[in-house]
Amino acid sequence: PTDRRIDPKLAKVEGQLRKILPDHGFRLLDVQSKRLTRGQAVACQLEAGYTAAATLTRTADDNGKVQLRCAVMFHQVPQLETLVTTPPNQLFFCDKALNDGSRLLIGIGAR
């Protein structure tokens with residue numbers, strides 16, 4: 001929150017990020033993209049022992065939405081876990097306040 005700079009790699013989603021945390025800066029830690037089948041996961045190694053993962057739990061339903069289980073772990077201990085049901089090509093964000101006063105914002109999407 002003390003540094004409003006934004007990583008240039010996040011320029012395409014800057015408007016969305018500013019709506020979520022308007023007085024914060026943003027730094028990109030990792031990006032992973034992978035075609036998943038039901039039960040498979042994609043994970044990002046973050047900093048200071050944190051990991052983020054998204055697991056496909058349900059492929060497109062009758063409304064075209066997919067379901068993902070999103071988790072943030074600290075040294076393999078879950079800190080945040082949620083189910084996200086989202087239409088394709090829509091970015092969803094999970095936000096977690098960290099012990100050091102910073103925030104971890106995870107963007108998740110499906111195509």
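A search of the whole structure, which is a predicted model, finds 0 disulfides. For C44, the closest cysteine sulfur is that of C70, and the separation of 11 Å is too far for a bond. C70 likewise takes part in no disulfide, its nearest cysteine sulfur being that of C94 at 4.6 Å, whereas a disulfide would require the two sulfur atoms to lie within 2.5 Å.

Backbone geometry was examined next. Most residues other than glycine have a negative phi. Against this background, A48, although not a glycine, has a positive phi of about 55°, and Q76, also a residue other than glycine, has a positive phi near 70°. A48 is placed in the loop that runs between β1 (41–45) and β2 (50–58), and this residue is exposed, with a relative accessible area of 63%. Q76, in turn, is found in the loop between β3 (66–74) and β4 (77–86), where the residue is exposed, its relative accessible area being 62%.

Strand β4 also contains T86, a residue that is buried, with a relative accessible area of 3%. When the neighbours within four places in sequence are left aside, T86 is in contact with K65 and V66, of which V66 belongs to the range given for β3 (66–74).

Technical notes: Residues numbered from 1 in each chain as written. Predicted model: local features only at pLDDT ≥ 70, side-chain atom pairs only at ≥ 80, totals over all residues. Heavy atoms only, no water. Helix = DSSP H or I, 4+ residues; strand = E, 2+ residues; numbered from the N terminus. Buried < 20%, exposed > 50% of the residue type's maximum accessible area, 1.4 Å probe, protein only. Contact = heavy atoms within 4.5 Å.
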